[in-house]
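This briefing walks through one protein structure, topic by topic, for a reader who is new to looking at such models. Please keep the sequence and the 3D view open while reading, and find each named residue before moving on.

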Amino acid sequence: MPADPQRSVTSRPPRGSGTSAVEVRRSSRRSRTVSAYREGDRTIVLIPARMSEAEEQRWVHVMLDKLAAQESRSVLGDRELTERAERLSDQYFEGRARPASVRWVTNQNTRWGSCTPSEGSIRLSHRLQGMPEYVLDYVLCHELAHLLVPGHGPRFWRLLEAYPRTERARGYLEGVVAAARLPHPPHARGE
C-alpha cells in the first residue's frame with residue numbers, strides 16, 4: 001500500500017505541553033476520528049486529511065490535553081496529591097487546612113484549581129502536570145487557604161504569604177496564560 005502523501009507534518013508543540021515535538025499525520029482513509037499517542041518524546045496525532053489548519057490546531061490541543069490527563073493519573077495519583085496537600089498545610093498553615101479530598105480534573109480549562117470549602121474538596125486542573133513543583137505547591141496552597149478563608153480579600157492574601165514562592169509561581173502561571181494567547185506562526189513543512 002503506498003504511503004499517504006499527506007502523512008506527516010512536524011511542528012513545535014504548544015507551550016507547556018511537556019512534549020518536544022508534535023507530528024500530525026493526515027489520512028484520507030480516516031473520515032471522522034482523531035487519535036493520538038506518544039512515541040518517545042514525540043506526540044503523534046492522527047487526523048482526517050480533509051481537516052482545515054484551524055481544526056488541526058484545535059485537535060492537537062485537545063489531544064495533548066487528553067494524553068496529559070491520562071498520564072497524570074498514572075504519574076501522580078489523587079492520594080499522593082492529598083498527602084502533598086497535608087504536608088503543605090502542616091508546613092505553611094499550622095495544619096489548619098485539612099482537605100477531605102484532592103484530585104485531578106480535566107474540565108478546568110480556565111482556572112488552575114478550585115475549592116469547595118463546605119465539602120473540603122480541592123480540584124486541580126490536569127494542565128498543571130509537568131509544571132515545576134513549586135507551581136503545583138502554590139496552587140495547592142492557594143486552594144488550601146480557601147479552606148480557611150473563602151474569598152480573595154486581604155486576609156486571604158496575608159495567609160498565602162506564608163508560601164515563599166507565591167509571586168514566582170504566579171508569574172510562571174501568568175506567563176503560561178500569556179504564551180497561550182500568542183499567535184502561532186506558521187511552521188515550515190519538514191522542520
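In this predicted model, Thr116 has Ser121 as its bridge partner in strand β7. That bridge belongs to the pairing of strand β6 (residues 113–116) with β7, in which four bridges join strands that run antiparallel.

**Strand β7 and its partners**

- The hairpin of β6 and β7 has four residues between the strands, and within this hairpin Gly120 takes a positive phi near 70 degrees.
- Strand β5 (residues 101–105) also pairs with β7, but in the parallel sense and over five bridges, and here Arg123 of β7 is the bridge partner of Arg103.
- In a regular strand, side chains alternate between the two faces of the sheet.
- In β7, Ser121, Arg123 and Ser125 point one way while Ile122 and Leu124 point the other way, and all of them are buried.
- Because five of the five residues of β7 (residues 121–125) are buried, the strand is largely enclosed by the rest of the structure.

**The protein as a whole**

- The protein contains five helices and seven strands, and these follow the pattern β-β-β-β-α-α-β-β-β-α-α-α when read along the sequence.
- Of the 191 residues in the protein, 45% are buried, and the accessible surface comes to about 11200 Å², with 49% of it belonging to carbon and sulfur atoms.
- Among the contacts between residues at least 6 apart in sequence, 42% join residues at least 24 apart.

**The nonpolar cores**

- The largest nonpolar core has 31 residues, of which Phe93, Leu124, Leu128, Leu144 and Leu173 touch the most other members.
- At least two residues of this core come from each of α2, β5, β7, α3, α4 (154–160) and α5 (166–181), and α3 gives the most, with 10 residues.
- Leaving aside residues up to four places away in sequence, Leu128 touches Trp104, Trp112, Val135, Leu136, Val139 and Leu173.
- Another core, of 11 residues, lies apart from the largest one, and its members include Val34, Val45, Ile47 and Leu64.

- An α-helix has 3.6 residues a turn, so residues three or four places apart point the same way.
- In α5, the residues Thr166, Ala169, Leu173 and Ala179 are buried, and they cover an arc of only 165 degrees around the axis, which puts them on the same side of α5.
- The buried residues of α5 pack against α3 and α4, whereas the face turned away from the buried side carries the exposed residues Glu167, Glu174 and Arg181.

**A residue to look up in a loop**

- Glu94 is found in the loop between α2 (78–92) and β5, and it has a positive phi of about 55 degrees although it is not a glycine.
- Is Glu94 buried or exposed? With a relative accessible area of 69%, Glu94 is exposed, because a residue counts as exposed when this value is over 50%.

Technical notes. Residues numbered from 1 in each chain as written. Predicted model: local features only at pLDDT ≥ 70, side-chain atom pairs only at ≥ 80, totals over all residues. Heavy atoms only, no water. Buried < 20%, exposed > 50% of the residue type's maximum accessible area, 1.4 Å probe, protein only. Pairing = 2+ DSSP bridges. Contact = heavy atoms within 4.5 Å. Areas by Shrake-Rupley, 256 points an atom, 1.4 Å probe, with all protein chains shown as cover. Core = buried A, V, L, I, M, F, W, Y, C linked by side-chain atoms within 4.5 Å. Arc of directions from axis to C-beta.
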